[in-house]
Each structure stands twice: as C-alpha cells, then as structure tokens.
Amino acid sequence: MQRDIEHNHRGVMIRSLMAAGVGVAGKILGLFNQIASVVLISGALGADGLREQMLAIAFVSWFNLTLCGMHTSLPVLLVRSAPAAEASQLLIKTAFILAVLGALVSVALTLLILNLKLTNSLVGAPLATAIICNAITIVFGLSEKVFHGTDRIAQFNVLNMIGTLVSLGTTFILAKTYPSASGFVIAFYLGVLLPPLAATVQFVPLLDLMKLPSLTEFCASARQLIGVGVFGLGYEVASYCKLQAPLALLALLDLSSAIAPVGLGLRLLGLISGGLTIAIPILMLQIGTAIRTQDEGSRRFWTRTGLGIAAVTAVVIVALYPLVGPAIFHAWTAGSVALGPGQPIALAVFSAIFLVQNLVFPLIAPDPSFATQLRWVFWLEGPAVIVAAVVSALLAPANYGGAALLGGAAFVMGIVSLILLTLLVGRRFSDSRGNVLRLQKHS
C-alpha cells in the first residue's frame, strides 16, 4: 500500500515537472512574441496604428468578468467531482452555456456604450474585430480550465506554444504584406483562441451533446459554479484594481510625471506574474486533488512548495528590483523613462506582495472552508486598495506621489496577504496538533 502511494506521488511529481518545463518554454516564447509583435506593428503602422490595436484589445478585456469567476470555480469543481463522470460533464455543459450568455451580454453592453457615444476614442474596424474575437474567446477559453481541472496542464501548455507561434507568424506576414490594425487584432487573438479551440476539439467528443442539462440540473450546477466563483471573481476584480487603476488614478491626481515609470513597472510585474502562472494551475490541481482524496501528506507537501516559491519570489523581487530595476528601465526605453524618487522600493514591495498573493491564492481556493470564510475579502480589497492609494498620494509631496500611491496600495494588499497566510499556517498547526493527539490516543 505504501509503495503504491509513493509510486503515485512520484508520477504526480513527474507530470507536474513536465507541465512546468513546457510552461517555462511557452512563457519565454510568449515574452519574445510580445516584444517582436510591438516592433513589427509599430514598424508597419507607426505609433497610431499600434495604439488602435492595443486600445481595441484593452477595451474588451472586461468581458472575462461576465464569467462570474468560473476561471476559478470550474477547475476546482472538476477536481472535486473527478470520480463522477456525469457530474463533471454536467458542470462543463453548464459552464459553456453560462459563457455563451456572458459573451452575448458583453457584446450587447459594448454596443450600447458605443451607441450612446460614451467614448469617442474607439470606433471602426479594429474595435468591431476585437469584440467578435473576444466574445468567441470567452466561450472557448473555458476549455483551458477543463484541461487544468483534469490534469492535462502540460498538453495545454504545448497548445499554447503552438498558438503563440501561429500568432507571431501571422503578425510577421501581415506586417510585410497587408498591415492593418484589424489584422493585427486578429493575429493577437489567434494566439489566445487557437489553444482552447484545439482543446475543445479533444474533449467535446467525450461529452454527450445530445443530452442537454434539464432546467433543474442547469440551475443547480450554475448555482454551484457561481457560488464558488464569487470568491474567484472577487480576486479577479481586485487584480484589476491593483494593475489597471493606478495609472488612471495618477492621471486624475495630476501626477502625470509618474505615469510612465509606474506604468512600465506594472507591465514588468505583469510579465513576471505571467511567468508564475506556470505554477498556479499545478498548485490548484494538486491541492484540490489532495483535499478530495483526503491525502494530508500530499496537501502539506504542495502547500509548503507553494509557500516556498512565494517566499523566494518575494525575497528576490525586494532584493533585486531596486538594484537592477533602473537598468532594466534604461535598456527597455533607451533612457527615455527613469524611475522617480522612492519608486524602485515602492515597486519592489508592491510587486513582491502582489506575487505572493498570486501564489497563495491557489493554495486556498480549492478548499471550500477557506473559500467560504474569505468569500468577500477580495471584494473589499479592491476598493480599499484604491482608497488607500489615493489618500497616500494626496498626503505625500508631489515628487513622491507615484511611490506613495503604490505604497498605500501595497499596505492594504499586505494586510490581506497576512490574513491568508495566517489562515494557512493556523490550519497546518491545528492539523499537526490533531495528528499528535491521535497518536497519543492510540499509544
């Protein structure tokens, strides 16, 4: 029996290492794609064409929020229902129906905004292309989460690499033949959409599509997905407040000199965070599986692994960012953008706490008790981050406004991170104490 358990753990480790290895290669390729695409698009269309492409894609990025947190809830629930094939199929069918409804709502709201002329900066073919492409991506993008929830992470990472190569190749061909902002929007979404489309083709034949869920089944599964997803949706909204709101706040507070350095710092954080997404689905899958099988040994191992990665990441970021950050900015922008007073340290602390939260989240999300306890924490964190950032920036001297804004946001994020870590450590302590008491009872 013990030999079987050790063999199973060894197989899990091998699969996880393979998924991580392919993921690292994919992230490096994705980083090269981002850099090369900007060069190709700006060279073909100039700054205005690049702006049209980026704004069109950014304008529809909120579509993901209509999924009501299913990026978190679907893989978590699939792991919990793994032994029951019918329950898994019902969850997948319900999730895709909800995604179709979410995509339709997204398109309708976007068209309403444009019809009311609430924004005049985005019109024409690039935006129309982005709306159509992103609506399709919303639906089929759930296939990635199906693969994550069914321990096929390495396979999806391979598909991601193929999609990145297709996107880069299409961008190159368009830049040399028929460059247009709409064409480059399509090239971007090819890299996003092709992997989940290929994944959908693989698992859809296993579903009984002739048997749609009844209204009662659909409502029950939808309540389950959205109920668990509320926690994940709050986390996604809080992430938007942390990464998207600072630049808008700096503009509103008339701290325009800090926009470029803070914006580049947040973009660099996004690249680092994207690299860590290699570990996040692996941690979520293994923690969820350990909870379902009541394998406390495996859960302790993966929890320690996640906390270890988080600790190393935080130390490296805080230690190296102030030292190498200015050099990276100088090389990235040819010296046109420089970090202001206090910004290297503020960006280091902000980035370290953000990345720690990213790595702690998959350790708590699969646990129903944690998700229930913390259901509204991230919903409160987002507005609190904005309030603290504004207050800090207003109280600080103008030349320290950018650093103060990040510092205020980091303060709130740090409190939330301490709450999460306290719950994790408290659970480990109570489990260890329970094990000792059980051993004493049997001895």
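Of the 22 residues of helix H13, 20 are buried, so this helix is largely enclosed by the rest of the structure. Buried denotes under 20% relative accessible area, exposed over 50%, and partly exposed the range in between, with a 1.4 Å probe and protein chains only. The model is predicted, so local features need pLDDT of at least 70 and side-chain atom pairs pLDDT 80 or more, whereas totals for chains, interfaces and linings use all residues. Residues are numbered from 1 along each chain as its sequence is written, and side-chain values use heavy atoms, without hydrogens and water.

Helices are DSSP runs (H or I, at least four residues), numbered from the N terminus. The expected span of a helix is 1.5 Å times one less than its number of residues. Helix H15 (residues 377-395) has 19 residues and should span 27 Å; its end C-alpha atoms are 26 Å apart, in agreement. Among the buried residues of H15 are Val377, Phe378, Glu381 and Gly382.

In one of them, Lys242 pairs with Glu381, with the closest N and O atoms 3.1 Å apart. This pair links distant parts of the chain, since Lys242 belongs to helix H8 (residues 215-243) and Glu381 to H15, 139 residues apart. Lys242 is buried at 0% relative accessibility, and Glu381 is buried at 1%.

Arg299 and Asp367 also meet in a salt bridge, at 2.5 Å from N to O. Arg299 lies in helix H12 and Asp367 in the loop between H13 and helix H14 (368-373), so the pair ties together parts 68 residues apart in sequence. Arg299 counts as buried at 6% relative accessibility, and Asp367 is buried with a relative accessible area of 6%.

Helix H12 (residues 296-333) also holds Val312, which is exposed, with a relative accessible area of 52%.

Ser182, in helix H7 (residues 181-203), is buried at 16%. Leaving aside residues up to four places away in sequence, Ser182 touches Ala125, Pro126 and Thr129, where contact means heavy atoms within 4.5 Å.

Turning to cysteines, Cys133 is buried at 13% relative accessibility, whereas Cys219 is partly exposed at 30%. The number of disulfides is zero, a disulfide being a pair of cysteine sulfur atoms within 2.5 Å.

Terms used: Helix = DSSP H or I, 4+ residues; strand = E, 2+ residues; numbered from the N terminus. Salt bridge = Lys/Arg side-chain N within 4 Å of Asp/Glu carboxyl O.
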